[in-house]
Amino acid sequence: IEEGIGREQLVEDGIIETCLNCGYKVCRDDQEASFQQVSFGLWSMLGYSSETAFIEASQGLSTGAAYSEDDAEQFRASLAEQLARDDKYRLEYRLKKADGTALWVLESGRCVTRAVNDRMLQSMVIDITMQKELEEKLLRQDAYDSLTGIYNKKTFYQKADALLKEQAQRVFEVIYLDVERFKLINDLFGEAVGNELLLYLAQCLRDICIEDCVYGRLQSDNFALCFPAENDNRERFIREIQNKVKQFPLHYRIIVGFGVYQVTDRNLSVSSMCDRARMAFRQIQGKYMVSCGVYDERMRQRIVAEQEIVNEMERALSERQFEVYFQPKYDLGTEN
């Protein structure tokens with residue numbers, strides 16, 4: 001900035017606005033909300049050649065510059081709500097650029113009363129598109145699996161829980177999906193091929209059209225789905241997944257196993273439902289003639305009983321509760 005040039009001149013020339021990527025506007029506070037003044041910084045950052053071109057494209061209305069009618073309605077509603085409490089307001093919304101794309105802006109302003117029935121909205125509009133894109137990226141990182149792009153474990157649990165609560169009258173199933181010997185695939189063909197397989201499976205889940213279905217990647221090669229137990233959804237899903245994995249371009253037989261928990265106890269967390277589906281899968285794991293296991297309560301009771309024995313093992317050993325019995329060898333031919 002050249003020495004001796006005042007701030008007023010910089011604002012007039014649009015230099016400060018350009019550096020800050022912001023603009024200034026004055027609108028009437030009425031139903032028309034027509035532009036009274038638009039600064040260089042505003043119409044230039046929206047890609048217009050002049051103030052006139054910008055106002056004409058917006059039909060002369062402040063809300064006409066909004067990216068969509070939904071943005072305009074949200075703008076009007078939020079503005080009215082804030083001005084009902086105070087003369088200041090602060091809004092985030094999208095404006096339409098000259099090329100038709102959207103620009104996220106933050107508008108901070110106030111309502112100035114000049115005379116009876118004559119109020120003006122004076123505001124500064126700042127481009128926050130980069131900030132919004134960063135927020136979107138962070139939200140995606142928090143909600144979606146970084147490799148496959150589908151829901152991660154936390155988000156799957158949340159979405160499945162919401163689905164079960166919204167449709168409490170329908171019967172749902174939770175399916176646990178596991179790739180048999182996935183670590184061997186990584187070892188034989190490399191991690192890159194293993195990742196390609198996971199991406200392929202995620203796309204298979206996207207392609208299978210089941211209404212009111214939520215799916216996600218829990219970890220490694222483990223996926224989970226929650227969908228209505230109707231219209232042969234389970235059988236169709238398993239059949240389509242098995243057919244699709246056969247088409248994966250790898251000289252190796254890929255085997256996918258499934259465990260099913262029919263949601264009978266809505267008080268369980270989705271995490272516990274997935275645990276039950278995993279129990280069902282483990283009952284058929286390694287049995288390649290059976291691809292799907294279905295949970296029943298006896299599985300859990302057996303695991304609980306086994307764990308109780310393990311818990312008591314150390315104390316039983318220390319108290320010498322174990323007795324050893326030897327089976328003698330006996331030859332029926334010699335009776336010895």
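**A colleague's notes on the fold, pocket and strand pairings**

1. Let's start with the pocket: α10 (233-245) and β9 (256-262) each contribute at least two residues to the lining of the largest pocket. Helices here are DSSP runs of H or I with at least four residues, strands are runs of E with at least two, and both are numbered from the N terminus. Keep in mind that this is a predicted model, in which local features need pLDDT of at least 70 and side-chain atom pairs count only at pLDDT 80 or more, while totals for chains, interfaces and linings use all residues. Residues are numbered from 1 along each chain as its sequence is written, and side-chain values use heavy atoms, with hydrogens and water left out.

2. How much space lies in the largest pocket? About 310 Å³. On a 1 Å grid over the protein atoms alone, a pocket is an open set of points with protein on both sides within 12 Å along at least five of seven lines, whereas a cavity is a set where a 1.4 Å probe fits but cannot get out; lining residues have an atom within 4 Å of a point. Points are joined across faces, edges and corners, and a volume is the space filled by probe spheres set on them.

3. The largest pocket has 18 lining residues, and Gln-242, Arg-253, Ile-254, Ile-255 and Val-256 lie nearest its centre. Sorted by class, the lining comes to 11 nonpolar, three polar and four charged residues. For these classes, Ala, Val, Leu, Ile, Met, Phe, Trp, Tyr, Cys and Pro are nonpolar, Asp, Glu, Lys and Arg are charged, and the others, Gly among them, are polar.

4. On to the rings: the structure holds 12 aromatic pairs. One of them is Phe-237 with Phe-258, edge-to-face at 5.9 Å centre to centre and 80° between the planes. Phe-237 belongs to helix α10 and Phe-258 to strand β9, so this pair ties together parts that are 21 residues apart in sequence. (Rings of Phe, Tyr and Trp, the last by its six-membered ring, pair if their centres lie within 6.5 Å; planes under 30 degrees apart are stacked, over 60 edge-to-face, the rest tilted.) Both Phe-237 and Phe-258 are buried, where buried means under 20% relative accessible area, exposed over 50% and partly exposed in between, using a 1.4 Å probe and protein chains only.

5. What covers for β6 (residues 172-179), buried or exposed? Eight of its eight residues are buried. Phe-172, Val-174, Tyr-176 and Asp-178 sit on one face, and Glu-173, Ile-175, Leu-177 and Val-179 on the other.

6. β6 also has two partners worth a look. With strand β8 (residues 222-228), β6 pairs in the antiparallel sense over seven bridges, and Leu-177 stands opposite Phe-223 there. With β9, β6 pairs antiparallel over seven bridges too, and Val-179 faces Val-256. Two strands pair if DSSP finds at least two bridges between them.

7. Next come two hairpins. β3 (residues 88-96) and β4 (residues 102-115) pair in the antiparallel sense over nine bridges, with Arg-90 partnered by Ser-108. Five residues separate β3 and β4 in their hairpin, and Gly-100 in the turn has a positive phi of about 90°. β4 and β5 (residues 118-127) are antiparallel over 10 bridges, and Ala-115 has Asp-118 as its bridge partner. The hairpin of β4 and β5 has two residues between the strands, with Asn-117 at a positive phi near 60°.

8. Arg-181 has a positive phi of about 55° although it is not a glycine; Arg-181 is in the loop between β6 and α8 (182-189) and counts as exposed at 53% relative accessibility. Asp-232, not a glycine either, has a positive phi of about 55°; Asp-232 is in the loop between β8 and α10 and is exposed, with a relative accessible area of 56%.
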